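This report describes a model of several protein chains, taking single residues, chain folds and chain contacts in turn.

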Amino acid sequence: MLKVRVIPTLLWKQFGLVKGIGFDSWRRVGPVLPAIKVYNQREVDELVLVDIVAHRSDDELDFESIDEFGQDCFVPLTVGGGITRIEQVQRLLRAGADKVSVNTAAYSRPELVSDIAKRHGAQCVVASIDVRKNPNGGGWQCFSRAGQHPTGREVREWAREIEGRGAGEILITSIERDGTLQGYDLALIEAVVNAVKIPVIASGGAGNYQHMIDAVKNAGASAVAAASIFHFTEQTPAGAKAAMQAAGIPVRQNFIGSVKN
Amino acid sequence: MRVGVIDYGVGNLGSVMRALEELRVAPILVTRAIDMHATDGLILPGVGNFADCARLLGEGGWSQALQEEVQGRHKPLLGVCVGMQLLASCSMEGADANAPEGTPGLGFIPGRVEHLGALGCTLRVPHVGWNEVSNCATSGGLFDGIPDGTDFYFVHSYAFMPEDRADVLATTDYGVPVTAAVRRGRICGTQFHPEKSSRAGFRLLRNFIEGPAC
Amino acid sequence: MLAYCKHCVMPDTKPDLHVDDEGVCNACRSYEKRKEVNWDARHKELLQLLEKYRRRDGSNWDCIVPVSGGKDSTYQVVRMLQLGLNPLCVTSTTCDLTPLGRKNIENLKHLGVDYVEMSPNPLIRAKLNRIGLTQVGDISWPEHVGIFTIPVRAAVQFNVRLLLWGENSQDEYGGPATAAKNNVLNRRWLEEFGGLLGMRVSDLVGMEGIEAKHLIPYTYPSDEELARVGVTGLFLGHYIPWDGLSNALIAQANGFHTYDKVVEGSMVNYENLDNHQTGIHDYFKFLKFGFGRATDLACLHIRRGRLTRQDGMEAVKRLDGKFPREYLGKSLEDILRPLDMTVDEFIRLCDKFTNKKIFKRDASGALIKDPDGNLTKINYDNA
């Protein structure tokens, strides 16, 4: 049976990784490459690398760095940040990305998602959605530009639309919870899981293993993404999977045989 | 084995090439069909859309050349993901009013590629993540040294159903049985990505490179 | 382009550094705030805390003081003795101890303290140095783990509750505000600020033949063990204003020896004297972030009004980030030998971990190196 995935997320800003709280990401953590190497060595299920400032300018994406990161990354890699054209996707796939994540550009041009899905397959496109709770009434509002710009879309409605456009998965992030280590917004995850038929990856707020178990068992996430918990506490992706297994959630076992004959 | 990785304009070449380099195999990037002569074995990668991949194979003269190398000269071939699906007779991906029979593949292993939903799968599609692979012959061959039930990384919405059950080398379960690997003679394929499946995947790649094919 | 603090010379690529709207970094701001601190009150607080923990009956040591024999730990021991404490000094032996380092350790012992030195298996250590360098670009990774772990293990082992660290690097070097207020070093601090770069001790098993049994000295005590003994750590630098130069003077007044010339890559001769690998550690900092030891020192002294920013900048341009051909008289080849690494492999690693965006490159994108292998940053100051 398909296993639940634990996915470390790397937030990349210019020179290195950053950590944010509520998407206020000023705090530099260190260079990207060592983090990629460490997670690769740990054989994590997948890795997500997001360039959180690429959307700000029309400059081309930093393919050079992504090429370098791809050299040391043998785990499935999703790359996102500032993708606006399909030509960039081909370039990213060549550099070693297995999937691409689209966020801001999709709001103004949802056809981008369909184009990528048609050319490269739905499984190649992850729709990344960042939301904040609606201050009046229920629901969550979607924000683009790394949480800066209200789009006027409600999350369930947007999730359905983007699914219809061909997205293969949804990466749903609670902006308020992000970096707080207080737990995922379970109501949000559940709402999105129920709104679509494609896999949903929970993101934003994981602080301990129980949070991840809850996101899967109670809210129906197919995978859990997290950053701060792995970078700043003694907890690890392997520990998360052990805890999930103990809670009855199917997780991947690492291969213990030999590679060489 | 001098391994050639076919660059027909599609595919996550970077990952496959890097994986082979990690295994201390110097892969040859095959950019022209005639360059296949200088190889002892071939890997056909593939990511994305079957119809696009098939079209590029045709346009680049690859289909013809592969017929000669693989079916004519019996050169070992490993198709990965869409590369495996391309071995089929046809795929329903891209089927529409203009092409109700779907898109033709290389036809090396008779069978069709269908959407997981059309095969009865009611779980979330695409099938993405790690899943157990079973029913493989573990001594010799592609899965040598890889225990039954080892997880590999899948990311696909369509699956290959070979007409002849004997061509199915391994399966996985995603609500319905899904073909995980195929083999016919020296032609094999994996739906999962061995180059992304960590050490199990590397072991499989090494088995292909070193062993009697498949 | 690299942005620099307007007051000191630190670039904003440094982890945990934050440059405010006026262009001043949080480390400089933190230092400014020192004037507002009531040091008398802090001193009293320290004495009260020490009273709480010291053993009047002499049945056990009052505290554990992690020491290296350097200027800061020598100063710390001098202070401890002045305060009438009976500390157990604990050293985690450094990766490649220099003769001067050994001499200063002996000097520290002769100030009159009980002393324990834990020397982790040097063969394993060399493997860990190699792993640190190849995996995260930090040869001193095992050293950092050792420094923060071995004294804590000693506290548990010897049943001593109080650990007295020196300075909280977050205070001086700038760190998230909440951490600066926190004057206790615990597991969380270690993970966040201990320079672990995301790698865990548990990651090491299986790499280069490392097994769990090799990692005992690097294994942090469990929460249960810490709770059983009641281990608490305090930073002396929170209670006494910390200054490396004045520490050095006091240390020298108490027998501490300095190097006979300025240390490579630095402009002083009184610190980082005990480990030949420090040159490599500092160099990789430069490659990754664009600042080395000279920048660190310039910033420290600018903040304290001993150097103008201009003079600091000039010193940095001249000294910072030079390829470490030798350190404290030992050649790079000799330093790398226990790690089973050639200079060529070392250079390839340097290039791999270099943040290419911050150094000058030629038209093809290759890094420009001078005949000695040194790189040049794209900018050494704000426009």
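Where in chain A does A:A146 lie? In this predicted model, A:A146 is found in the loop between strand 8 (140–144) and strand 9 (149–154) of chain A.

**Backbone exceptions**

Most residues other than glycine have a negative phi, and most peptide bonds are trans. A:A146 is not a glycine, yet its phi is positive, at about 50°. A:A146 counts as buried because 23 C-beta neighbours lie inside 10 Å, the cut-off for buried being 20 or more.

C:N272 also has a positive phi, of about 55°, although it is not a glycine. The loop that holds C:N272 runs between helix 12 (244–253) and helix 13 (278–289) of chain C. With 25 other C-beta atoms within 10 Å, C:N272 is buried.

In chain B the exception concerns a peptide bond: B:V125 and B:P126 are joined in cis, with omega at about 10°. B:P126 belongs to the loop between strand 7 (111–115) and strand 8 of chain B.

| Site | Angle | Value |
|---|---|---|
| A:A146 | phi | about 50° |
| C:N272 | phi | about 55° |
| B:V125 to B:P126 | omega | about 10° |

**Fold of chain B**

Chain B contains five helices and 13 strands. The C-alpha trace of chain B spans about 45 × 40 × 30 Å along its principal axes. Among contacts between residues at least 6 apart in the sequence of chain B, 66% join residues at least 24 apart.

Where pLDDT is low, the predicted coordinates should not be read in detail. For chain B the mean pLDDT is 90, and 95% of its residues reach 70 or more. Confidence in chain B is lowest in helix 1 of chain B, with a mean of 86, and highest in strand 10 (residues 158–162) of chain B, at 96.

**Contacts between chains**

Two pairs of chains are in contact, and chains A and B share the most contacts. At this interface, 37 residues of chain B are in contact with 38 residues of chain A. On the chain B side, at least two residues each come from helix 1 (13–22), strand 8 (127–134), strand 9 (150–156), strand 11 (168–174) and helix 5 (198–210) of chain B. Helix 5 of chain B supplies the largest share, seven residues. By class, the side of chain B that touches chain A has 13 nonpolar, 13 polar and eleven charged residues.

Chain A also meets chain C: 20 residues of chain A are in contact with 25 residues of chain C. Strand 3 (24–30), helix 1 (32–41) and helix 9 (228–232) of chain A each give at least two residues to the side of chain A that touches chain C. Helix 1 of chain A gives the most, with six residues. This side of chain A divides into nine nonpolar, six polar and five charged residues.

Chain B and chain C do not touch, and their nearest C-alpha atoms are 13 Å apart.

**A helix pair in chain A**

Two packed helices are described by the angle between their axes and the distance between the axes. How do helix 6 (residues 155–164) and helix 7 (residues 186–195) of chain A pack, and at what angle? Their axes are 9 Å apart, at an angle of about 40°, and helix 6 of chain A passes helix 7 of chain A in a right-handed crossing. From helix 6 of chain A, the residues A:V155, A:R156, A:A159 and A:R160 meet A:A191, A:V192 and A:A195 of helix 7 of chain A. This contact has five nonpolar, no polar and two charged residues.

**A buried valine in chain C**

C:V145 sits in helix 6 (residues 141–157) of chain C. Is C:V145 buried or exposed? C:V145 counts as buried because it has 27 C-beta neighbours inside 10 Å. Leaving aside neighbours within four places in sequence, C:V145 is in contact with C:V201 and C:Y218. C:F359 lies 214 residues from C:V145 along the chain, and the C-alpha atoms of C:V145 and C:F359 are separated by 30 Å.

Definitions and conventions:
Residues numbered from 1 in each chain as written. Chains lettered and ligands numbered in written order. Predicted model: local features only at pLDDT ≥ 70, side-chain atom pairs only at ≥ 80, totals over all residues. Helix = DSSP H or I, 4+ residues; strand = E, 2+ residues; numbered from the N terminus. Contact = placed C-beta atoms within 7 Å. Nonpolar A, V, L, I, M, F, W, Y, C, P; charged D, E, K, R; others polar. Axes fitted to C-alpha atoms, helices over the stretch in contact; angles between N-to-C directions. Left-handed = near helix turned anticlockwise from the far one by under 90°. pLDDT = per-residue confidence, 0-100. Buried ≥ 20, exposed ≤ 12 C-beta atoms within 10 Å, placed from the backbone.
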